[in-house]
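I opened my notebook to follow one residue first and then look at what surrounds it. Here is what I looked up, entry by entry.

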Amino acid sequence: MREHLQVKPWQVKRIFKFVQRTLKSTQPNKTIDSDVEIQRVAIREITNILLGKDDDEPKTHEVKDESHKDPKEDYYYYQNTHESYLQFYNQFRLDIEQFLKEVQTKKMKMKESRQTVISKVEELISTIPHIEYSEIYGSYQTNLDLPWSDIDFVIFSESFSSTECLRDLYQNLEAEKQKGVEWINKIDYYSTAYVPIIKMQTEINSFEVKVDITFKDETHRGSD
């Protein structure tokens, strides 16, 4: 049994990534009440880590001497007793609630800006006649996105290749940027990537919104 319960920064990051990945894989086509689900799953997972049920700590060849460090300096530190465990549980629950509250507040502030970017991108995609349709998938579509998450688009054509569609769309986006429009900051096209992708950095009402655009085919199905 461990002498103390401590949460390390890598553990917190790993937990939130695990929660998002798990919820997305188990319910890919369902809009999830992220506030409730993330709180419930995150508390369960971090409890497992602290009780030694998950020792998947990143391996390193460097051994750091932390014997001089007072463990009480850690934000999450409690004696391994029932009372301390309840203190930790309650504190962690409050931190999760506060984190989600801040996330939802910022998402609401960014909502109009993100919807404006989506409309503008969809309008530009529609100017390519051989792109049959586009759709949004990923964390934004499932309501598991964070304020800094990308908005993922996938485009499709039955008769034209991904190279042709993405190339023509990239040229149109660049032409739009060259007009001096203020909402497009940067565009990159990674044509040789395993999944070719257009990455955009946009800004509306002082909010940065990132967009990824890929092509739907046998190796990349988007929301399917």
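Where does H130 lie? I found H130 in the loop between α3 and β3 (133–137); helices (H or I, at least four residues) and strands (E, at least two) are DSSP runs, numbered from the N terminus.

A note on my source: this is a predicted model, where local features need pLDDT of at least 70, side-chain atom pairs count only at pLDDT 80 or more, and totals for chains, interfaces and linings use all residues. Residues are numbered from 1 along each chain as its sequence is written, and side-chain values use heavy atoms, with hydrogens and water left out.

Is H130 buried or exposed? H130 counts as buried because its relative accessibility is 16% (buried is under 20% relative accessible area, exposed over 50%, partly exposed in between, with a 1.4 Å probe and protein chains only).

Next I looked for its partner. The side chains of H130 and D168 are joined by a polar contact of 2.8 Å (a pair of N or O atoms within 3.5 Å; within protein, one must be able to donate a hydrogen and the other to accept it, and residues adjacent in sequence count only if both atoms are side-chain atoms).

D168 took me to α5, where D168 is one of the buried residues, among them also C165 and L169. Just after α5, G180 takes a positive phi of about 90°.
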